[in-house]
Amino acid sequence: MAEYEKPLPDCNSDFKEYWEGARNHKLLVQQCSSCGTYRWYPRPVCGECGSFDHTWSEVKGNGKLFSYSTVYRPPMPEFKADVPFTVAIVELEGASNVRLVGRLLGCPPEAIRIGMPLKVSFEDVTPEVSLPSWKPA
Amino acid sequence: MSPMCSLRDTCAIVGVGQTRFTRGETYRTPVDLSLEASAKAIADAGLKPHDIDGVVCSPLGGKTDDIITNFGLSDLKYHAISSMGGASNVAAMQSAIMAISAGLCSNVLLFFSWNGYSDMRVGGGKLPVSDSTFYHYRLQFEKPYGYWSPAIVMSAWVNRHMHLYGTKSRQLGEIAVACRKHACLNDDAVMRVPITIEDHQNSRAITNCLRLLDCSLETDGGGAVVITSAERAKSLKQRPVYIMGIGEGHPPLVAEQVPGRPDFLNMGAASAGKRAFEMAGVTLKDLDFAELYDGFSFVVLFQLEELGFCPRGDGGPYVEGGRIQLGGEMPVNTHGGLLSQAHVWGINHIVEGVKQLRGQAGKAQVKDAEIGLVTGFGAVGDCAAMILRR
């Protein structure tokens with residue numbers, strides 16, 4: 001298997017659980033233990049109730065396309081081979097304040113529609129890292 | 001909540017200076033560029049370096065210590081670093097006028113510089129490394145997917161705006177064309193070949209909604225201004241340009257966290273504008289020009305909407321028909337802006353605002369300019385706005 005050259009997340013960081021979940025093809029989102037509000041990006045404090053307690057909750061992985069960027073000029077050389085590629089911002093079903101960034105897979109640029117239903121799809125880019133991305137549902 | 005005292009008209013900009021704006025012809029350190037621009041601004045004010053007793057700046061271009069050391073300041077009284085991306089310079093002005101009005105210091109220097117061509121090419125993925133928490137989250141949750149350069153990130157805004165309101169690429173082109181038209185009148189501008197909408201449409205596609213001519217320049221250079229009290233300004237070399245009003249606006253989720261913002265198109269411009277106009281005691285109708293931060297063409301369009309020049313969604317039609325060109329109803333970026341003069345984080349917008357109000361804008365002079373707006377726009381969406389008058 002060719003060496004994966006694109007940027008990888010640091011899976012040993014504060015978000016170890018998230019990346020472990022992803023490797024097991026589970027989509028996890030941070031949820032406040034006190035008031036149940038989901039939040040993204042993960043952070044220490046709940047903006048709603050001020051609690052410092054949270055869990056990493058598994059979510060179904062259904063969403064809709066909130067917006068996107070279809071890229072023609074790679075942001076760095078490592079992405080050259082992927083061009084054109086689309087980055088999706090996905091509004092999560094069941095937690096509309098949560099918007100996740102990921103690749104949009106299996107959808108030609110001309111078929112992209114804001115609002116289209118999507119399903120999470122994990123890309124196993126290395127033996128250690130799986131990246132949550134999205135496919136048309 | 002009303003303030004204990006108003007800052008309106010308490011201070012004036014009395015000196016401006018800029019370096020040449022270049023693209024890699026020679027390499028000069030940011031500190032070198034900042035010192036040149038600062039020395040020019042101080043001289044423009046009819047002051048000496050030793051007269052400076054307060055310094056404000058952004059995170060780039062050098063530190064307060066560089067000014068203290070190089071200008072031989074023996075007892076600096078005040079400093080503030082404003083960290084709001086491209087809004088830093090306008091936001092720093094607020095610190096300056098507060099400090100002067102409070103009697104903490106008398107003559108404040110605001111400086112900025114960077115090597116946006118020779119060092120930090122934003123378009124090539126070399127973003128200024130941030131110490132913000134959210135920069136590190138971006139490394140985790142955005143960079144692996146290629147959602148990285150400003151053009152790619154902001155395209156999500158543009159695509160959504162186009163989806164909701166039918167905004168067209170050609171309308172973004174109107175902004176690029178206007179800025180270039182103005183730059184052609186400006187000897188300091190980097191880009192001085194006129195462009196048409198067709199040139200804009202034929203320029204290289206960066207994303208599905210942004211073209212090369214929608215993007216600001218990558219340039220090396222610096223600028224500086226000197227601010228003092230309205231009282232002291234009267235006795236200095238140049239016609240004072242008073243700060244009538246100023247304000248900052250920060251959306252609920254921080255500037256670098258674009259995707260999760262509840263009102264996706266909230267970029268702090270509406271709040272910043274409201275505060276600035278309230279302090280100034282004037283309205284949009286009183287403006288003779290607007291120097292709007294233009295990291296991208298559509299950042300101008302969004303600001304026109306959020307600041308209230310037109311309703312949200314109507315920015316496309318607003319910029320058509322020459323309305324934002326010199327001679328039109330609301331001249332925008334009379335110097336060419338970041339799109340065509342130079343990208344120096346909007347310090348050049350402040351300088352241009354001052355020149356217009358002094359009557360020193362040359363071929364780009366707005367006739368009888370009395371009141372103008374200058375904005376700064378940070379990273380991906382926080383804003384500072386300032387209203388100036390002569």
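Analyst: Buried means under 20% relative accessible area, exposed over 50%, and partly exposed in between (1.4 Å probe, protein chains only). This is a predicted model: local features need pLDDT of at least 70, side-chain atom pairs count only at pLDDT 80 or more, and totals for chains, interfaces and linings use all residues. Residues are numbered from 1 along each chain as its sequence is written, chains are lettered from A and ligands numbered from 1 in the order written, and side-chain values use heavy atoms, without hydrogens and water.

A salt bridge is a side-chain nitrogen of Lys or Arg within 4 Å of a carboxyl oxygen of Asp or Glu. Over all chains there are 20.

Take B:Lys77 and B:Asp53 to begin. Their closest N and O atoms are 3.4 Å apart. B:Lys77 is exposed at 52% relative accessible area. B:Asp53 is buried at 8%.

Next come B:Glu198 and B:Arg170, paired at 2.9 Å, N to O. B:Glu198 lies in helix 7 (residues 197-202) of chain B and B:Arg170 in helix 6 (residues 169-183) of chain B, so the pair ties together parts 28 residues apart in sequence. Helices here are DSSP runs (H or I, at least four residues), numbered from the N terminus. B:Glu198 is partly exposed, at 42%. B:Arg170 is also partly exposed, at 42%.

B:Arg312 and B:Glu306 meet at 2.9 Å, N to O. B:Arg312 is partly exposed at 29%, while B:Glu306 is buried at 14%. Shared partners also join B:Arg28, B:Asp32, B:Glu36 and B:Lys40 into one network of salt bridges.

Between chain B and chain A, the salt bridge count is zero.

Note on methods: Helices (H or I, at least four residues) and strands (E, at least two) are DSSP runs, numbered from the N terminus.
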